Amino acid sequence: MGRKTSKSIIDGRNISIRFIMLLTLMIIVILLVEFLILQSLLAQGENLAPASSENIEAGKRIYMKKCQYCHGVDGEGDGPASAFLDPPPRDLTRARYKIISTGSGELPTDQDIFNVISNGIPDTSMPAWSSLKEKEKWQTVLYVKTLAERFDWYKQIKKVPEIVKIANPPHATKESIERGREIYMKKLECWKCHGESGRGDGPSAIKLTDEWEHPIKAANLTKPWKFKIGSAQKDIYRTIITGIAGTPMPAFLTGNTEEELWDLTNYVTSLGIKNRPQKTTVLRPLFIPGNLTEDLEDPLWNGIEAREFTLFGQILLAPKLYTPSINEIYVKSIYNDKEIAFLIEWDDANQSSPGTTEEGDVIYADALAIQFPSQIPETPESPRPFFLMGNPTLPVNLWLWNSDSNTFMEANAEGVNRKKFQSEKNSDIKGKVAYKQGQYKLLVKRNLTTSDKTDDIQMEYNKFIPIAFFVWDGHNGETESKMAVSTWHYLFLEKKETGRNVLYSILAILFTIIAEIIFVKRIRRNAISTQ
Amino acid sequence: MKTDKLSQIFLLVVAAFLVLKYVIHPRIPSSLLYFYMMIVIFAVFIYIISDTKLLQDFLNPIKSIIIKNEDPLIEERNKEARMLIFGLLPLAVAVFTYINLSVGTKQPAELRSIHPEPPLQILFREKPLRILGLKNPLRADKKNLNKYIEEGAVVYFENCFFCHGDNLDGNGHFAEALNPRPADFTDPGSISQLQESYLFWRISKGGQGLPAEGTPWNSAMPSWENVLTEEDIWKVIIYIYESTGMEPRRWEEKPLNR
């Protein structure tokens, strides 16, 4: 390839300008596409599929491919997956929908059904159906409506469910929230189900069932991101005035003034956790120069950011737990030269002590375990124990607490059914637990190193130490391998090595200066020699 | 618009960085971003040295600052620029070094191989099964394919969808809690790159059956060989391909005879 031929075409400057223009164009196109996708997601789109028999047929085909495995062939909520889900899939034959814009016990609008298919429902296994196109979703809406006779009947009597009109929310003043609290505690007694702090732990919550006799939990009002009905003020207000069809949540429209209902809305909103703890793969305890507190309520904890660890049901080994009741825990941690302490908080609507209920259901102890490998893997890539309580070649060290004996114990395990407790005199952990208004607070503390170097994890600085958590809710039939688990995360105790870092930085300066001198000298010499 | 080559190239690299960092979804992991940027810089470098004139254009602004200028006024200005650049550069390098040395907040890179080499043979419930060249036996029975898809779907929704999701995109309701996330079967880099026997191996042996390349063995994928029958597994494999519209990779026409 001669330079002559290419020169006319590839004029250096032109090509790079063209290149930059092309790049800018690409950015614009990508942004535009993203914008359009977002638009289509937000669009209160018009129904793309009129109620023709072809569209209903198409909807049926989609339903049989995508929906029936949970909602059942006939829509009765009895598909093959339904046995493993809590809350159970909706029985579509009764047309009792939770997430609606219409009045109490009314039929949903088409848009309501469409929205649920598009967005899914938080804290359930109803996903956002990203694999369906807009039109397909509308076709599914049409078919789903044929599953319940009520839709037909409404059509015959020409009744159109009315959308509930909600005025703009008033400002949530302190006074309004305080008045809302009065209503929550006294007038309407919301606390009886939702609990004094809103964690769904009220005295009446335990025996709630829905229209289908399925047990149902009172919503935990401190976690608004899990609200199925949405967490905007208007969503909460609508739910208060219309109730939720098919559930024990009543409609409170009558007997209350609009102001009272907004006050209550504001109070419910105020119960939500202000800053939802962030998830993390690396838990970094805070270094505390002095002694580590042993007080659960020490104000020091307020200044430490909690981290969320998400849990899932142990469905790897039988007996399995498909529907864990505790889906996340919040962890704070501190350390000093000698010790490390964890403060773990989790919501559990019932404090369990082993026994049986009046109905004959077995109740187990509530419990929690922190898991470490018995030995820190050399590098993050080195093999580590199986996250589910280890394996014979790579055992784990467990720090356990249960509500039965209310003691802290250490154990080692080489698998779920191969757990051995350490003798009491070998135990190096100590801790405290408190249960209050639907929430556990657990503090556990240990020396960074112990005398038992083979069985106990020896904490080291500046190392990625695998850490995992297990939680059992005794009221949910959880015991032994029926538990909520996390996968491995990391614990990282930082020790600043300022001296070493400064040395390397100085070296970096020196090398750069040498490189600069060589560079400048060469260019100058070349310039002279070419002159 | 008359800018010199040097600033053009600089702008180009910055633009590439911005595109890679902010425009592309899902976000590129930082380690990969460094790698891509290295490729970009390397490509730009090759582009510059591919043409002598281009190289001169590129170097001229640098030279004009470094080489002593006869005009004392310009030389005065150049001197200031030189001091500034050559003084700040080592400082910047030092700060960069220091920040990178102080312990990062990131998760350490786990250089696990996503699709490690499968074994030639596995023991499925103590029965030897040769993975190499193994085909899905149910595919031969074309008459009943629809029935198998249907039954495979039931297997999927009773066992798999909790993690891998209704949409088969790895977004089941347990997925949030998993690290690494469950496999996304709709990803073109996933099942369409693999033979069905590979899926059979991964499904039956799970995370614990991963070879050494798969360390640190974080996968929460259960081993299904004691839960599902051989036929169940082949059925669910058919369902996964059918439902995502993917085609399994085929074995070479003439399988290796060893």
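These legends walk through several close-up views of a predicted model.

**View 1. How the chains are divided into domains.** Let's start with the overall layout. Chain A has an assignment of domain 1 (13–42), domain 2 (53–156), domain 3 (174–271), domain 4 (278–492) and domain 5 (498–531). Between domain 1 of chain A and domain 2 of chain A, the C-alpha centres are 38 Å apart. For chain B, the assignment gives domain 1 (5–101) and domain 2 (121–244). The centres of domain 1 of chain B and domain 2 of chain B, taken over C-alpha atoms, are separated by 48 Å.

**View 2. Where chain A touches chain B.** Here 53 residues of chain A are in contact with 53 residues of chain B. On the chain A side, at least two residues each come from helix H2 (12–42), helix H3 (53–71), strand S5 (312–313) and helix H11 (498–530). H11(A) supplies the largest share of that side, 12 residues. If you sort the chain A residues that touch chain B by class, you find 30 nonpolar, 16 polar and seven charged.

**View 3. Helix H3 of chain A against helix H5 of chain A.** From H3(A) come Asn55(A), Ile56(A), Ala58(A), Gly59(A), Lys60(A), Ile62(A) and Tyr63(A). Facing them in H5(A) are Glu136(A), Gln139(A), Thr140(A), Leu142(A), Tyr143(A), Val144(A) and Thr146(A). The residues of this contact comprise seven nonpolar, five polar and two charged.

**View 4. Helix H7 of chain A against helix H10 of chain A.** In this pair, H7 (residues 174–187) and H10 (residues 258–271) pack at about 95 degrees, and their axes are 7 Å apart. That angle makes H7(A) roughly perpendicular to H10(A). H7(A) brings Ser176(A), Ile177(A), Arg179(A), Gly180(A), Arg181(A), Ile183(A) and Tyr184(A) to the contact. H10(A) answers with Glu260(A), Trp262(A), Asp263(A), Leu264(A), Asn266(A), Tyr267(A) and Ser270(A). Counted by class, the contact has six nonpolar, four polar and four charged residues.

**View 5. Helix H7 of chain B against helix H8 of chain B.** Now we move to the other chain. The axes of H7 (residues 196–205) of chain B and H8 (residues 230–244) of chain B come within 10 Å and cross at roughly 125 degrees. The two helices are therefore oblique to each other, and H7(B) passes H8(B) in a right-handed crossing. Look for Glu196(B), Leu199(B), Phe200(B), Ile203(B) and Ser204(B) in H7(B), which meet Ile233(B), Trp234(B) and Ile237(B) in H8(B). This contact has six nonpolar, one polar and one charged residues.

**View 6. Strand S4 of chain A and its pairing with S1 and S6.** Strand S4 (residues 307–310) of chain A runs parallel to strand S1 (residues 278–279) of chain A, and two bridges join them. Phe309(A) has Ile329(A) as its bridge partner in S6(A).

Note on methods: Residues numbered from 1 in each chain as written. Chains lettered and ligands numbered in written order. Predicted model: local features only at pLDDT ≥ 70, side-chain atom pairs only at ≥ 80, totals over all residues. Contact = placed C-beta atoms within 7 Å. Helix = DSSP H or I, 4+ residues; strand = E, 2+ residues; numbered from the N terminus. Nonpolar A, V, L, I, M, F, W, Y, C, P; charged D, E, K, R; others polar. Pairing = 2+ DSSP bridges. Axes fitted to C-alpha atoms, helices over the stretch in contact; angles between N-to-C directions. Parallel < 35°, antiparallel > 145°, perpendicular 65-115°, else oblique. Left-handed = near helix turned anticlockwise from the far one by under 90°. Domains from an automatic or database assignment.
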